[in-house]
Amino acid sequence: MSDHSFVRTEMLDSQAPPMMEGSVLGWIRYNLFSGPLNSLLTILSGLLVVYLLASILPWVFLSSWTATSLRECREVIPLTYGEGTTGACWAVIRERYLQLFYGFYPKELYWRVNLTFVLMLIALAPILFPKLPRQMLYFSGVYPFLGYWLLWGGTIWTPFLTLAGLIVGYLVFNFLNERRGLLIGTIVGTLLIIFWFLLGVIPVAVFLSENVTPLAIEIVESEQFGGFTLSVIIGATGIAASLPIGILLALGRKSDLLIVKSLCVGFIEFIRGVPLITLLFVASTLLNYFLPPGTNFDIILRVVIMVTLFASAYMAEVIRGGLAALPKGQYEAGDALGLDYWKSMRLIVLPQALKISIPGIVSTFIGLFKDTTLVSIIGLLDPIGLSRAIRSDTAWNGIVWELYAFVAAVFFVFCFAMSRYSIYLEKKLETGHR
Amino acid sequence: MTIQIVALAGFMLLISWLISNTIQNLETLGKGVELWFLFEPSSYDINQKLIEYSSRSTHLRAAFVGLINTLIVAVLGCITATVLGIAIGILRLSNNWIVAKIMTCWVEIFRNVPVLLWIVFTMAVLIESLPRPATFRGENPESSLLFWDSVAITNRGTYLPEPFFSNGLGDISIFGIFEVSLDLVAFLIVLFAGIFVSNILKKRADKTQQTTGHRPLVWPYRIAVVVIPPIILLYILGFYLGKPELKGFNFQGGIYLRNSLIALWIALSCYTSAFIAEIVRAGILAVSKGQTEAAYSLGLRPGLTMNLIILPQALRVIIPPLISQFLNLTKNSSLAISVGYMDITGTLGGITLNQTGRELESILLLMLVFLGISLGISAVMNWYNSTVKIKER
């Protein structure tokens, strides 16, 4: 037998991968031209994109930043860029952006709005990013009162005394909670705070500012607020307040206590059944009927209360979904450890339920922030109300795209940032087993 | 138990405090709470009315006209939003990269900008960029009617051809409150009868298929049953279209859709479609991949897999949030007041309120109406949901 066997002694060079695998070409082949229908779709949508860009980009860039009226824009742009060009008139933004951001807030006091906004970011930081030192949370707690003082001005004693009242009320609650039980602690603490707010704060603040030291800065009236400042004030306050109220409502709706449960269900279903605009009508016209004669409190505060109530009903439903998604074993585990209701909720149930409901919570926040624009219907000058005012100005009569595009872009940035943060948070808290 | 009593007591205290305040305030203003104002003449006109209404009609009737207008825009919006939303949601899952990205852009842009801005913006664009009626005039007009001279799109609104019947049946008055065209009623009856018969045909075919294994050819008959009788009816009634014509400064004749309605409709549908698209996408993704693979291994083609395996399962996930989107759209339609569309917020909560000065009654009634609509929609949709829900044994 002759030796026919053949054993290769050296390795063959590895072959290049098929042209269609792992290359740009392959990607294009699979994602864009995998079949006749797909190719047609690609070509059509590609043409659409090209068409849109070809009509939008020249409009955006062949524009005028310096004109003082729409008419001037329309004259200047063809002169600069050649006959027949129709560019954007960004001049309206240049002229009015301060108004769109600050409303009619006094110009020399813009620093107060800016400072409040920066402080808000600092106060938010420890809540958003848990890596930061926990001591910063004290600042977050003080911030609402500081922000109120900075924005509206007046004496610092009012927000200070309000905060002090809250702290004293909390201490009393804690003291009684340990000795007399939760119920008495809550009742006495709440009543104390309410009486202090209704009767104590203002006289004492007046007394202190007249007799000790005023510590006051210039007062800015609510009518002067407007633009994105107003949207952010209403949105941020509503967001901050609606989460705790929503949690309480959701817990109430899930509880075994019949009366508490039916009160919560009634409230939630009522609020969810009516449009926000009717609640804002209540804020602007009816609230005067419901309050003691002679009370006339701030329109922004009234709107904030209504927006908060509205958002908290939706929040309650979102959180209820999270509570329902939690396995029953978790509740039972809490009981088995001998924790009382609040401890088991705080330590076991809520952290998990809130984690599940993050996407819903954040989209409620986004919805709330977008809904702040509705205040323009009851006459507050938020960005949309201001746009209407600008459009009725003779110089800018007939301007549409530039103004609304700007307002929309700012809203987009805020809302998009929020939704991205929610995705980040979801990823971070993802423990792999739900 | 103690907690409950305390909560109830607190709630009662709050309510009685509010009521006593209200009574006191109303007394100082010299107003009472009563609803007779609803039966006084409204003395204002409404620019879009489907039922007979004049400024001599009562406030109640004005509210009713507004309610119908609300429902019109809500129904139109829900339909277009659903169609758009489903298309976008499915296309967002497409393998085609460009298409998927375009749809993502659509969703993000509409979702992250307030709906009020979209409504006001659409209205402004319609007014500023559509041709004026005057440009349709002359030998060489700048703008022309669309669709064989039957549709006029102007910055004052859109005019569609109007159906007329040369030997129509006339109107019928219902309880003397409003009138309904008998021609429309006849048309709808014939149409629904056709659909009913077509469904019977389908069931028969299904039965035959189950017993013999062969599906008889029924789809031509099914289409014929639905389409042919209405056409015959229209022919008998002498159906023809009345086209809008330019007379004086404006178009006359035809169905006149106001810009406010169109702006509201477009803005609400596009805005809601972004949310519906996300719901549809999530619903389809929620069906596990094994289901698709199982269907393929059974030899089903992709189209059948979608229809028989994926969609029925996805619908269960899709429908509950879809209901709440419909509710949101209906509630958002109350923003009509910002573009001057006379929905119920504009009539009852707007002009009636301002004319009679009855804030309390008007706004509470308005809220009640919306509560009713919301509960109605959720009842209908929940019923539908229970029919597609998984039947657990």
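Before the views, a working rule: two residues are in contact if their C-beta atoms, placed from the backbone, lie within 7 Å. Everything here comes from a predicted model, in which local features need pLDDT of at least 70 and side-chain atom pairs count only at pLDDT 80 or more, while totals for chains, interfaces and linings use all residues. Residues are numbered from 1 along each chain as its sequence is written, with chains lettered from A and ligands numbered from 1 in the order in which they are written.

**View 1. Helix α17 of chain A packs against α4 of chain B.** Helices here are DSSP runs of H or I with at least four residues, strands are runs of E with at least two, and both are numbered from the N terminus. Axes are lines fitted to C-alpha atoms, for helices over the stretch in contact, and angles between N-to-C directions run from 0 to 180 degrees. On the α17(A) side you'll find Y404(A), V407(A), A408(A) and F411(A), which meet L117(B), F121(B) and A124(B) in α4(B). By class, that contact is 7 nonpolar residues, with no polar and no charged ones. For the classes, Ala, Val, Leu, Ile, Met, Phe, Trp, Tyr, Cys and Pro count as nonpolar, Asp, Glu, Lys and Arg as charged, and the others, Gly among them, as polar.

**View 2. Here is where chain B touches chain A.** Chain B puts 48 residues into the contact and chain A puts in 46. Five helices of chain B each supply at least two residues to its side: α1 (2-29), α3 (97-111), α4 (115-129), α10 (344-356) and α11 (359-388). α1(B) gives the most, with 14 residues. Sorted by class, the chain B side has 29 nonpolar, 15 polar and 4 charged residues.

**View 3. Three strands of chain B make an open sheet.** The order is β1-β2-β9, with antiparallel pairing; strands pair if DSSP finds at least two bridges between them. β1 (152-154) and β9 (255-258) of chain B are at the edges with a single partner strand each, so one side of each has no neighbour in the sheet. From one strand to the next, the twist averages 15°. β1(B) and β2(B) share 3 bridges and form a hairpin with 2 residues between them. I153(B) has T158(B) as its bridge partner in β2(B).

**View 4. β2 of chain B also pairs with β9, and a helix lies across both.** β2(B), residues 157-160, is joined to β9(B) by 4 bridges. G157(B) has R258(B) as its bridge partner, and L160(B) stands opposite I255(B). Helix α7(B), residues 259-286, lies across β2 and β9 of chain B and runs at about 60° to β9(B).
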